[in-house]
Amino acid sequence: MSNLDLRPLSIGELLDRTFSLYRRNFLLFIGIAAIPHLLVLAVKLAQVAVMPVAGKVGAPPAAELQAAARSFVAGNPIVFVVFALLGVVIYLIAILFTQGGTVFAVSELYLGRATTIGQSFSRAKGELGTLFGVLFLNGLVTLVSFLLLIIPGIYMLCRLCVAVPAALLENLGPRDSLERSFALTKDNAGRAFLIYLLYFVILYAAVALFAMPFAIGVGVSQNDPVMVRTWTALSEVGSFAAEVLITPILTIGLAIFLF
């Protein structure tokens with residue numbers, strides 16, 4: 001894509017370049033998204049694996065499972081806390097590597113240079129502190145805006161949409177990257193909103209396709225706790241597939257938006 005000029009793009013051009021870059025480098029972006037999230041999936045499947053399948057004898061199956069689950073958590077608070085904290089930490093690490101790796105990959109490809117999954121992760125590894133600071137500050141500002149009213153929250157989300165790529169590609173700190181994003185997206189919040197809207201529509205469609213059938217299986221298998229656990233595990237796998245397939249679209253689009 002080295003022949004692409006760096007200029008403001010219409011929303012149609014931006015989306016076209018996003019999907020074109022994703023399609024031409026599908027395995028690269030899928031790998032960047034999938035490898036960190038495999039750890040997240042492993043933790044979730046481990047949680048499902050310790051899900052109790054038996055409870056009070058004679059109780060209705062659904063109530064039996066719920067009672068056993070409460071007993072398990074109450075009797076093993078350390079296990080519950082460890083799983084919860086481990087899940088949060090691993091998910092955060094996965095997000096940092098996925099976003100950082102994808103932004104660096106887009107930067108190289110968009111400017112006509114080849115890159116690999118390993119090279120993208122290596123560059124992201126050196127910027128984990130900056131990435132965490134940007135995401136934390138960005139999330140805090142957006143959350144406060146949402147608490148005021150929904151519309152200001154959406155507006156701030158759109159104005160700060162290129163904070164991560166700005167931080168990574170322009171070597172800015174968390175505060176400076178947010179200010180840079182706010183300046184760059186002046187008069188462009190509407191285009192950012194359309195990118196987010198398209199992303200969420202595609203994401204929820206993918207979740208409905210890959211995970212919803214298994215979630216339905218959970219609902220209709222309440223009389224069989226073992227099947228509930230099986231369907232829950234499959235639902236987690238389906239959600240993993242949907243997230244890995246769709247998440248790169250948003251990150252690629254926002255990185256190109258910065259260019």
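**Salt bridges, helices and cysteines**

Let me start with Glu179, which is partly exposed at 44% relative accessibility. On the terms: buried means under 20% relative accessible area, exposed means over 50%, and partly exposed is in between, with a 1.4 Å probe and protein chains only. Before I go on, this is a predicted model, in which local features need pLDDT of at least 70 and side-chain atom pairs count only at pLDDT 80 or more, while totals for chains, interfaces and linings use all residues. Residues are numbered from 1 along each chain as its sequence is written, and side-chain values use heavy atoms, leaving out hydrogens and water.

Back to Glu179. Its salt-bridge partner is Arg175, and the closest N and O atoms of the two are 3.3 Å apart. A salt bridge here is a side-chain nitrogen of Lys or Arg within 4 Å of a carboxyl oxygen of Asp or Glu. Both Arg175 and Glu179 sit in helix H9, four residues apart, or about one turn of the helix. Helices are DSSP runs of H or I with at least four residues, numbered from the N terminus. Why does a spacing of three or four places matter in an α-helix? An α-helix has 3.6 residues a turn, so residues three or four places apart point the same way. Arg175 itself is exposed, at 62% relative accessibility.

How many salt bridges does a search of the whole structure find? The count is five. Another one of them joins Glu170 to Arg180, with the closest N and O atoms 2.9 Å apart. This pair links distant parts of the chain: Glu170 is in the loop between helix H8 (163–169) and helix H9 (174–184), and Arg180 is in helix H9, 10 residues apart. Both partners are partly exposed, Glu170 at 31% and Arg180 at 34%.

Arg113 and Glu108 also form a salt bridge, at 3.0 Å from N to O. Here Arg113 is partly exposed at 41%, whereas Glu108 is buried at 14%.

Now two helices. Helix H6 covers residues 128–148, 21 residues in total, and reaches 30 Å from its first C-alpha to its last, close to the 30 Å expected at 1.5 Å a residue. The expected span is 1.5 Å times one less than the number of residues. Which residues of H6 are buried? They are Leu131, Gly133, Val134, Asn138, Thr142 and Ser145. Seen down the axis of H6, the buried residues fall within an arc of 165 degrees, so they line one face of the helix. That arc is taken from the directions from the helix axis to the C-beta atoms. On the other side of H6, Gly129, Phe136 and Leu147 are exposed.

Helix H2, residues 26–49, has 24 residues that should span 34 Å at 1.5 Å a residue; the end C-alpha atoms are 32 Å apart, which agrees. H2 also bends by about 35 degrees at His37. The bend at a residue is the angle between axes fitted to the seven residues ending there and the seven starting there.

Last, the cysteines. A disulfide is a pair of cysteine sulfur atoms within 2.5 Å, and by this rule the count is zero. Cys158 is in no disulfide, and the nearest cysteine sulfur, in Cys161, is 6.8 Å away. For Cys161, that sulfur in Cys158 is the closest one, too far for a bond. Cys158 is buried at 3% relative accessibility, and Cys161 is buried at 5%.
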